[in-house]
Amino acid sequence: MNLIEYREVEVRQLEQVVLHDVNLQIESGEFVYLLGKVGSGKSTLMKTFYAELPIASGSAVVLDYDLGKLRHRQIPYLRRKIGVVFQDFQLLTDRSVEDNLLFVLKATGWKDKRVMREHILDVLRQVGMENKAYKMPHQLSGGEQQRVVIARALLNSPEIILADEPTGNLDPETGAGIMELLYSIRQAGTTIVMSTHNLNWVQQFPGRELHFENGQITE
């Protein structure tokens, strides 16, 4: 089943064409690498998936939402089905790991405190961080912070996880641990779309490759 389907899509940023003639289908359960130089449009494409950036023209459907006709009030519902993992973590530095995740659940409509706390412990267990719920972000290593970010992305059981250079700020050994975690999440059925510069990952963790060059995407 296609979760993402783009036909003849053009994407602009500040009136400049970043990507053109994008034809793309991503199916359920795939592990997809976005490969290309800095500025080639990888992050830009990801931002269109969760309606951070509009498409300029063409046909784009993500998780049954037509991006060309998407209303502002529908955007939160689309985003609940997509988990995003950022290179620079973007954790709230003034609150604990548990409170970071609690903030997301409250923002997406969860109400029952007991259920929320059980669910947070469950996703932290999935990423091997169940003993760090009380810690503040600055008390964690980079790899631990990224595991918390992946837990945050898993909170609403997304159909797709977008990982934008998730190992970019990590040493090779820590990065490999994050890759193993993402790979295991994919094996459990979640589609992973990941941008990276690190071609070693592509060899160690095979997936589908989309190459970005001169404003175009080739397979």
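Modeller: A salt bridge, as used here, is a side-chain nitrogen of Lys or Arg within 4 Å of a carboxyl oxygen of Asp or Glu. This is a predicted model, where local features need pLDDT of at least 70 and side-chain atom pairs pLDDT 80 or more, while totals for chains, interfaces and linings use all residues. Residues are numbered from 1 along each chain as its sequence is written, and side-chain values use heavy atoms, with hydrogens and water left out.

Colleague: Fine. How many salt bridges does that rule give?

Modeller: The count is 10 salt bridges.

Colleague: Which residues are linked in a network?

Modeller: Glu30, Arg208 and Glu219 are linked through salt bridges. Between arginine 208 and glutamate 219, the closest N and O atoms are 2.5 Å apart. Arginine 208 sits in strand S9 (residues 208-213) and glutamate 219 in the segment after strand S10 (216-218), so the bridge ties together parts 11 residues apart in sequence. Strands (E, at least two residues) and helices (H or I, at least four) are DSSP runs, numbered from the N terminus.

Colleague: Is arginine 208 buried or exposed?

Modeller: Buried, at 18% relative accessibility. Glutamate 219 is exposed, at 63%. The cut-offs are under 20% relative accessible area for buried, over 50% for exposed and partly exposed in between (1.4 Å probe, protein chains only).

Colleague: What does glutamate 10 meet in a salt bridge?

Modeller: The side chain of arginine 12, at 2.7 Å, N to O. Glutamate 10 counts as buried because its relative accessibility is 17%. Arginine 12 counts as partly exposed, at 36%.

Colleague: And which residue forms a salt bridge with arginine 117?

Modeller: Glutamate 98, with the closest N and O atoms 2.8 Å apart. That pair links distant parts of the chain: arginine 117 in helix H4 (residues 113-126) and glutamate 98 in helix H3 (residues 97-107), 19 residues apart. Arginine 117 is partly exposed, at 36% relative accessibility. Glutamate 98 is also partly exposed, at 21%.

Colleague: Stay on H3. Which of its residues are buried?

Modeller: Val97, Asn100, Leu101, Leu102, Val104 and Leu105. An α-helix has 3.6 residues a turn, so residues three or four places apart point the same way. After H3 comes glycine 109, with a positive phi near 95°.

Colleague: New topic. How many aromatic pairs are in the whole structure?

Modeller: The search finds 5 aromatic pairs. In one, the ring centres of tyrosine 6 and phenylalanine 49 are 5.6 Å apart with planes at 85°, so the pair is edge-to-face. Tyrosine 6 is in strand S1 (residues 2-13) and phenylalanine 49 in helix H1 (residues 42-49), so parts 43 residues apart in sequence are tied together. Both residues, tyrosine 6 and phenylalanine 49, are buried.

Colleague: What about phenylalanine 31 and tyrosine 183?

Modeller: They form a tilted aromatic pair, 5.1 Å centre to centre and 50° between the planes. Phenylalanine 31 is in strand S3 (residues 31-35) and tyrosine 183 in helix H6 (residues 172-187), 152 residues apart. Rings of Phe, Tyr and Trp (its six-membered ring) pair with centres within 6.5 Å; planes under 30 degrees apart are stacked, over 60 edge-to-face, the rest tilted.

Colleague: Why does phenylalanine 31 count as buried?

Modeller: Because its relative accessibility is 2%. Tyrosine 183 is buried too, with a relative accessible area of 14%.

Colleague: Which residues form the aromatic cluster?

Modeller: Phe31, Tyr33, Tyr183, Trp201 and Phe205 form one cluster.
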